[in-house]
Amino acid sequence: GPIYEYASDIRSAGNTLLHIINDILDFSKIESGQLELAPKNYDLGRVLKDVENMIRIRADQKGLEFITQIDEQLPNDLFGDNVRVHQIMVNILNNGVKYTRHGSVKFTLTGERGDDPSLIVLHITVTDTGIGIHAEDIPKLFKSFSRIDAKETHNIEGTGLGLAITGRLIELMGGRVEVTSTYGTGSTFH
């Protein structure tokens, strides 16, 4: 009944606020150079299952297809900051879902070993069929508080800090991020 709906709305608003507060706290740590990674042994499968469950609910709510393609050869036992790996995946996927009105969001994860066999580079690719980004706006994506294309995105909730934080976390892990996009057709974050 209505009470259940009110409670559900309050819970949802509370979660939104929590995400905003966490973004601001993370961002202030980045600005003051205090954001540090906390690596430990973790189970990649559990991280992926959690990410997938979160995103699938959001994609379903919008009637979007959520496609995952995970390389079966990836080791399951990894050493790294699993909380931040989870955050990176969720932020990029959430963005895909947020800016896609119809079609799909695809999540691909592969791994690559270099000269040091104990290290693996994770390749995360998120491709959406969303509103896309003008080429000249791509460099602004990872800047703090810059919301692109205001008339197209005015109804999107959040701080606009998600990608700024994500970009910084990827750098801290020694990675890099690339974006390709066709305005009106969709984007790929790698």
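## Terms and basis

Two strands count as paired if DSSP finds at least two bridges between them. Helices (H or I, at least four residues) and strands (E, at least two) are DSSP runs, numbered from the N terminus.

The model is predicted: local features need pLDDT of at least 70, side-chain atom pairs count only at pLDDT 80 or more, and totals for chains, interfaces and linings use all residues. Residue numbers start from 1 along each chain as its sequence is written, and side-chain values use heavy atoms, with hydrogens and water left out.

## Sheet order

An open sheet is formed by five strands in the order β2-β4-β5-β7-β6, with mixed pairing. At the edges are β2 (65-70) and β6 (179-182), each of which pairs on one side only. From one strand to the next, the twist averages 10 degrees; axes are lines fitted to C-alpha atoms, for helices over the stretch in contact, and angles run from 0 to 180 degrees between N-to-C directions.

## Strand pairs

Strands of a sheet pair through backbone hydrogen bonds, either parallel or antiparallel. β2 and β4 run parallel and are joined by six bridges; Ile67 stands opposite Lys106 in β4. Eight bridges pair β4 with β5 (residues 121-128) in the antiparallel sense, and Gly111 has Leu122 in β5 as its bridge partner.

β6 and β7 (residues 186-189) run antiparallel, joined by four bridges. Thr182 stands opposite Gly186 in β7.

## Helix on the sheet

Helix α2 (residues 44-61) packs on the sheet and touches β2 and β4 (104-112), where contact means heavy atoms within 4.5 Å. The direction of α2 makes about 165 degrees with that of β2.
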